[in-house]
Amino acid sequence: MTARQKRLAFIVGGVMLVAAAVGLVLYALKNNVSLYFTPTQVYNKEAPQGRSFRIGGLVEVGSLQREKDGLTAHFNITDNDKTMAVVYKGILPDLFKEGKGVVAQGKLEADNVFHADEVLAKHDENYMPPEAVDALKKAEAAKAAKPEAPASGSSAEYPVAK
Amino acid sequence: MAINWFKYSAPTTFYGLAGKLIPFFAWPAAILFAYGLYIGFFVAPTEATQSEAYRIIFLHVPASILSMFIYLIMAGYAALGLIFKTRLSSMMAQALAPTGALFAFISLWSGALWGKPMWGAWWVWDARLTSELILLFLYLGYIALQASIEDPRRADRASALLAIVGSVNVPIIYFSVKWWNTLHQGATIKMTGTSMHIAMQQAMFAVLIACWLYVIAVTLARVRSIILEREANTQWVNDLPEVKQANGGQQ
């Protein structure tokens, strides 16, 4: 091997070793790197007990209720499998909407309700003009009207991470 | 006729070539910036959920893409300099770093400005944001390390190692939204295509290409300065008309 090839092998080998090391560390810290837990993970007791964590998913359609004080909101976060009741007192972000993504930070209390002290809206990666969204909704409504059409999730819905 | 590929890898010849090439990249960059931003702000339609606020994407996405690409190119040049001991490669790596840091900063800054009104937070410690912040620190670390060692050849070798090792971070940034739960949304431009409106695409790609051309122009200009600085004591530099003129003015 020439000196040049040796240096090349050293660099390629070194980068591969570092990549493997970083990969192992990130794999070991998988749950710490993820920003939030899904409701399914919370049900499976993968989320920390008795201390603050974040929960993420979609705001269940039809679940949002506001109390008379105008600040306290009750809603459910769902990953289309399990659902988690959430209560939050504060101003919700502009993009907070039923059927859209949300990440809430707080604690799961004894009443089995997630008491959030911060709610963030999570938007999806699709950017379209309002007319395109209307057209999509119309197409979907037409599809739903046909009984033989297979039931499918709304395409405007946020895909939940597994 | 055999082409001597190594002819232009000598700083002596590359200095002149780079100077001639700069306007061919700088002017198209300026024109494309103007075109892309015009389409982005006046032609592209309002977005359904985010209305006008989404328009920062035309700056945010090209800056983010460039911050990652420049790092890989910089690490590539640094590796070439380490393996082949070509002086120009190390100078190119050094010339790319400040522009890469600039784009990483723009990406983080525009992201924060976008995150506050849309998500409800300037900053969250999710995997995408954190790894991009690490990228900015890698650029700054590279620049600092390069500057802290007097002997340019030793500085090149030390900083090249940092650049090469740091390149592991780039795929982590890109795939972070896939591998982990993040607040940052997934990729809009995928291998399988994109759901983006055509005018939005045009604006984004125009600004992206403009950024590329800007990077090339500004890197060539910077590498010329680095060549002059490092070769200041050589005869060919002192024979350059612009150097003679400057020296003559002082005397």
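Q: At what angle do helix α2 and helix α6 of chain B pack?
A: Helix α2 (residues 57-84) and helix α6 (residues 169-179) of chain B pack at about 155 degrees, with their axes 10 Å apart. The axes are lines fitted to C-alpha atoms, for helices over the stretch in contact, and angles run from 0 to 180 degrees between N-to-C directions. Helices (H or I, at least four residues) and strands (E, at least two) are DSSP runs, numbered from the N terminus.

Q: Before going on, what sort of model is this, and how is it numbered?
A: This is a predicted model, where local features need pLDDT of at least 70, side-chain atom pairs count only at pLDDT 80 or more, and totals for chains, interfaces and linings use all residues. Residues are numbered from 1 along each chain as its sequence is written, while chains are lettered from A and ligands numbered from 1 in the order in which they are written.

Q: Back to the pair. Are α2(B) and α6(B) roughly parallel or roughly antiparallel?
A: From their angle, α2(B) and α6(B) are therefore roughly antiparallel. The cut-offs are under 35 degrees for roughly parallel, over 145 for roughly antiparallel, 65 to 115 for roughly perpendicular, and oblique for the rest.

Q: Which residues meet there?
A: Met68(B), Tyr71(B) and Leu72(B) of α2(B) meet Val170(B), Ile173(B) and Tyr174(B) of α6(B). Being in contact means that the C-beta atoms of two residues, placed from the backbone, lie within 7 Å.

Q: What classes do those residues fall into?
A: The contact of α2(B) with α6(B) has 6 nonpolar residues, no polar and no charged. Ala, Val, Leu, Ile, Met, Phe, Trp, Tyr, Cys and Pro count as nonpolar, Asp, Glu, Lys and Arg as charged, and the others, Gly among them, as polar.

Q: How does α2(B) pack with α7(B)?
A: α2(B) and helix α7 (residues 198-230) of chain B pack at about 40 degrees, with axes 9 Å apart. That makes α2(B) oblique to α7(B).

Q: Left-handed or right-handed crossing?
A: The crossing of α2(B) and α7(B) is right-handed, whereas α2(B) passes α6(B) in a left-handed crossing. A crossing is left-handed if the near helix is turned anticlockwise from the far one by less than a right angle, and right-handed if clockwise.

Q: What makes the contact with α7(B)?
A: Among the residues from α2(B) are Ile57(B), Phe58(B) and Ile70(B), and those from α7(B) include Ala203(B), Cys211(B) and Val215(B). By class this contact has 14 nonpolar residues, no polar and no charged.

Q: Staying in α7, is Ala210(B) buried or exposed?
A: Ala210(B), which is found in helix α7 of chain B, is buried, with 21 other C-beta atoms within 10 Å. A residue is buried if 20 or more other C-beta atoms lie within 10 Å of its own, exposed if 12 or fewer, and partly exposed in between, with C-beta atoms placed from the backbone.

Q: What is Ala210(B) in contact with?
A: Leaving aside neighbours within four places in sequence, Ala210(B) is in contact with Ala29(B), Leu32(B), Phe33(B) and Gly36(B). Ala210(B) and Tyr35(B) are 175 residues apart in sequence and 9.4 Å apart in space, C-alpha to C-alpha.

Q: How many helices and strands are in each chain?
A: Chain A has 4 helices and 6 strands. Chain B has 9 helices and 2 strands.

Q: How many residues does each chain put into the contact between them?
A: Chain A gives 32 residues and chain B gives 35 residues. On the chain A side, α1 (3-28), β6 (114-122) and α4 (130-145) each supply at least two residues, and the largest share, 8 residues, comes from α1(A). That side of chain A has 22 nonpolar, 4 polar and 6 charged residues.

Q: Which loop holds Asn112(A)?
A: Asn112(A) lies in the loop between β5 (101-108) and β6 of chain A. Asn112(A) has a positive phi of about 65 degrees although it is not a glycine. With 8 C-beta neighbours inside 10 Å, Asn112(A) counts as exposed.
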